[in-house]
Amino acid sequence: QVQLVESGGGLVQAGGSLRLSCAASGRTFSSYTMGWFRQAPGKEREFVAAITRSGATTFYADSVKGRFTITRDNAKNTVYLQMDSLKPEDTAVYYCAAEGGGYYYRPQDYTYWGQGTQVTVSS
């Protein structure tokens, strides 16, 4: 139903910004809540942000609230994660995912996943 490809990762200095993009294929993009998750070496995959079908409602992990912004453009089948005031603790592989139904913060409730993009924040 949905194929996802992340882009926009890279190396940035602490305090800097990056914008991640997730391009989706398929005609059912607008039917899914979209989420961003991240995983650092040796750690579990953790929820970062999510956005509902219309984009009217967003959710954020406490660790990124106020610094990250998730948006979507259903006409372009794309979801974005604007990351500002980046910290070394934000270093991880970031994954885009489409939820088939359930809770926005649970990885197991997401049906489709991208391959990930590396974000590295230097101090």
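A nonpolar core is a set of buried Ala, Val, Leu, Ile, Met, Phe, Trp, Tyr and Cys residues joined through side-chain atoms within 4.5 Å. Buried means under 20% relative accessible area, exposed over 50%, and partly exposed in between (1.4 Å probe, protein chains only).

**Ground rules.** I am working with a predicted model, where local features need pLDDT of at least 70, side-chain atom pairs count only at pLDDT 80 or more, and totals for chains, interfaces and linings use all residues. Residues are numbered from 1 along each chain as its sequence is written, and side-chain values use heavy atoms, with hydrogens and water left out.

**The core.** I looked up the largest nonpolar core and found 35 residues in it. Among those with the most contacts inside it are Trp36, Val79 and Tyr94. I then picked Val79 and skipped its neighbours within four places in sequence; its contacts (heavy atoms within 4.5 Å) include Leu20, Phe29, Met34, Trp36 and Cys96.

**The charged pairs.** Next I looked for salt bridges (a side-chain nitrogen of Lys or Arg within 4 Å of a carboxyl oxygen of Asp or Glu), and the structure holds 4. Which residues are linked in a network of salt bridges? I found Arg38, Glu46, Arg67 and Asp90.

I followed the links one by one. Arg38 pairs with Glu46 at 2.7 Å between the closest N and O atoms. Arg38 also meets Asp90, at 2.9 Å from N to O.

**Buried or exposed?** I noted Asp90 as buried at 1% relative accessibility, and Arg38 as buried at 5%. Glu46 is partly exposed at 36%.
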